[in-house]
Every structure is written in C-alpha cells, then in structure tokens.
There are 2 protein chains.
Amino acid sequence: MFTVEVKVGLKKGVSDPEGANTLKSLELLGYDEVKSVKSLKVYRMEIDAPSREEASERVEEMCRRILTNPVIHTHEIVFL
Amino acid sequence: MFTVEVKVGLKKGVSDPEGANTLKSLELLGYDEVKSVKSLKVYRMEIDAPSREEASERVEEMCRRILTNPVIHTHEIVFL
C-alpha cells in the first residue's frame, strides 16, 4: 500500500485569485515578509499496487483522465 | 528567502465530500486499487526571514490567524 499525494497547481499565466487574495490578506495583517502565495489542491490517496512504478503509472493516468485539466493545471506526484 | 508549503487538511470526523466524490469517480472508472482519497488545500508561499525558525513561527501564526479554522482544520508546515 502506498500513500501518494497528487499536487494540482495552476500553469504559469493562469490567474490564481485565491493565492492573490491570500497574499493581500496577509499583507493587510502586516505579514510583509510574504512575497508570493500560490494555491494548490492536493489529493492524498492510499493505493494498492505491486510496485511504486506501477502505482505511479496508474496515478499519472488518473491525473490525465479526471484529476486535472491539462489546459490550466500542472501536477506533481509525490510518494509519502 | 524560504519556500514554505502550508498543508491544510480536515480533522478526523469532519466530512470531506470532495475526497469522497473523487474516490467514487475513480472507482467508477475502474481504479479499484485506490482505497481512500483525502482532499487538502496547500498555500505555497515565498517568505523572507532571517532563519528557518523565524519563518516557521511566523507561518504558524498566520495559520492561527487566517489560513485555517482550528475547529475543522489541521495544518502542517513543510519547507521546500
């Protein structure tokens, strides 16, 4: 059993209002040291697979099929 | 400059419809090997701080003040 995190972010050039608003709110609270905020979505899944390679391939396929929209999203697969 | 990820998840017992629906959709597509899906929100921020400890303290404070709701959220701070 593997625990995998799929991190879905936005491609460069795609606007990220949630990140921008978080940055603005932090600035208003005086956290000037924060220079940028990007929001990402993570799906943490437990997956049964004979090997890490196979798990990775399957998760990559899931990303293509339903977890991400390739027009606007980037994704990253991380094993915990 | 540090790059920090704040991972905001839901506490045990708090329902996670997004995770549950993602799991259901994956099952419908035949991905029976996926045993659970949890959804998390990540804020990836760049922060200027004299040390990792100070950055960590400030981010912890931001979590308490605006990034999370302690009634339903857990959070984790990860330096990249």
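I started with the second largest pocket: 17 residues line it, and Arg44(A), Gly9(B), Leu10(B), Lys38(B) and Thr74(B) lie nearest its centre. The model is predicted; local features need pLDDT of at least 70, side-chain atom pairs count only at pLDDT 80 or more, and totals for chains, interfaces and linings use all residues. Side-chain values use heavy atoms, without hydrogens and water.

A pocket here is an open set of points on a 1 Å grid over the protein atoms alone, where a 1.4 Å probe fits, with protein on both sides within 12 Å along at least five of seven lines; lining residues have an atom within 4 Å of a point.

I then looked up the largest pocket. Its lining has 16 residues, with Gly9(A), Leu10(A), Lys11(A), Lys38(A) and Thr74(A) nearest the centre.

Next I turned to the interface. Contact (heavy atoms within 4.5 Å) takes in 33 residues of chain A and 33 residues of chain B. About 3,300 Å² is buried between the chains, 55% of it from carbon and sulfur atoms. Buried area is the accessible area (1.4 Å probe) lost when two parts are put together, summed over both. Tyr31(A), Glu33(A) and Arg44(A) give 19% of what chain A buries against chain B, more than any other three residues.

I checked salt bridges (side-chain nitrogen of Lys or Arg within 4 Å of a carboxyl oxygen of Asp or Glu). The rule finds eight across the interface of chain A and chain B. I noted Glu18(B) with Lys41(A), whose closest N and O atoms are 3.0 Å apart.

Terms used
Residues numbered from 1 in each chain as written. Chains lettered and ligands numbered in written order.
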